[in-house]
Amino acid sequence: MANDFKRFTKADISNNSSSPSTVYTCATNKTTIVVGCMVCNKTANDVSVTVLLDTTITGNDDVSLCNGLKLPANSTAELSMGKIVLTHDNTNGDIIKAHASAASAVDVILSILEDVNT
């Protein structure tokens with residue numbers, strides 16, 4: 001297996017907490033390491049952002065990377081100071097999702113190392 005560095009972006013994430021935007025879904029039978037996650041407020045107003053790890057694998061709880069993080073106008077925050085492991089069990093895969101308090105206000109950039117040897 002090869003280790004592949006990849007970047008995933010999602011512009012203008014959802015402002016609906018019931019239907020957050022999907023940023024990345026772990027590929028079938030892969031292990032992925034998140035090495036960076038940045039959120040950018042593109043507007044002249046303060047907004048809040050939530051980034052979630054939807055763990056679709058049985059026995060794991062869904063968790064937040066950040067919940068209602070306040071982003072000042074025209075600012076960027078880096079969320080991932082440590083590494084986060086995502087997995088896929090050939091049936092379900094972990095998903096990174098995000099939503100903001102305002103529509104078309106926030107972009108997300110996710111840097112990953114995919115297809116990691118386990």
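## Salt bridges

Across the whole structure, a predicted model in which local features need pLDDT of at least 70, side-chain atom pairs count only at pLDDT 80 or more, and totals for chains, interfaces and linings use all residues, the search finds five salt bridges. A salt bridge is defined as a side-chain nitrogen of Lys or Arg within 4 Å of a carboxyl oxygen of Asp or Glu. Residues are numbered from 1 along each chain as its sequence is written, and side-chain values use heavy atoms, with hydrogens and water left out.

One of these salt bridges joins Glu114 to Lys6, with the closest N and O atoms 2.6 Å apart. Because Glu114 belongs to strand S9 and Lys6 to strand S1 (residues 4-10), the pair ties together parts that are 108 residues apart in sequence. Strands, like helices, are DSSP runs numbered from the N terminus (strands E, at least two residues; helices H or I, at least four). Glu114 counts as buried at 6% relative accessibility, whereas Lys6 counts as partly exposed at 35%. Here buried means under 20% relative accessible area, exposed over 50%, and partly exposed in between, with a 1.4 Å probe and protein chains only.

## A network and a further pair

Lys42 and Asp107 meet through their side chains in a salt bridge of 3.0 Å, N to O. Lys42 lies in the loop between S3 and S4 and Asp107 in strand S9, so this pair ties together parts that are 65 residues apart in sequence. Lys42 is partly exposed, with a relative accessible area of 36%, and Asp107 is likewise partly exposed, at 21%. Asp12, Lys42 and Asp107 are linked in a network of salt bridges.

Asp54 also forms a salt bridge, with Lys97 as its partner and 3.1 Å between the closest N and O atoms. This pair links distant parts of the chain, with Asp54 in strand S4 and Lys97 in strand S8, 43 residues apart. At 16% relative accessibility, Asp54 counts as buried.

## The four-stranded sheet

Strands S2, S8, S4 and S5 form, in that order, an open sheet with antiparallel pairing. The edge strands S2 and S5 each pair on one side only. On average, neighbouring strands of this sheet are turned by 15° against each other, direction ignored; axes are lines fitted to C-alpha atoms, for helices over the stretch in contact, and angles run from 0 to 180 degrees between N-to-C directions.

Two strands pair if DSSP finds at least two bridges between them. S4 and S5, which run antiparallel, are joined by six bridges, and Val49 stands opposite Leu69 in S5.

In soluble globular proteins, nonpolar side chains tend to be buried together.

## Asn41

Asn41 is found in strand S3 and, at 1% relative accessibility, counts as buried. Its side chain reaches the backbone oxygen of Asn45 at 2.8 Å, and a polar atom of the side chain of Asn41 lies 3.1 Å from the backbone oxygen of Pro72. Leaving aside neighbours within four places in sequence, Asn41 is in contact with residues including Val47, Leu71, Pro72, Ser75 and Val106.

Conventions
Polar contact = N/O pair within 3.5 Å; in protein donor to acceptor, adjacent residues only side chain to side chain. Contact = heavy atoms within 4.5 Å.
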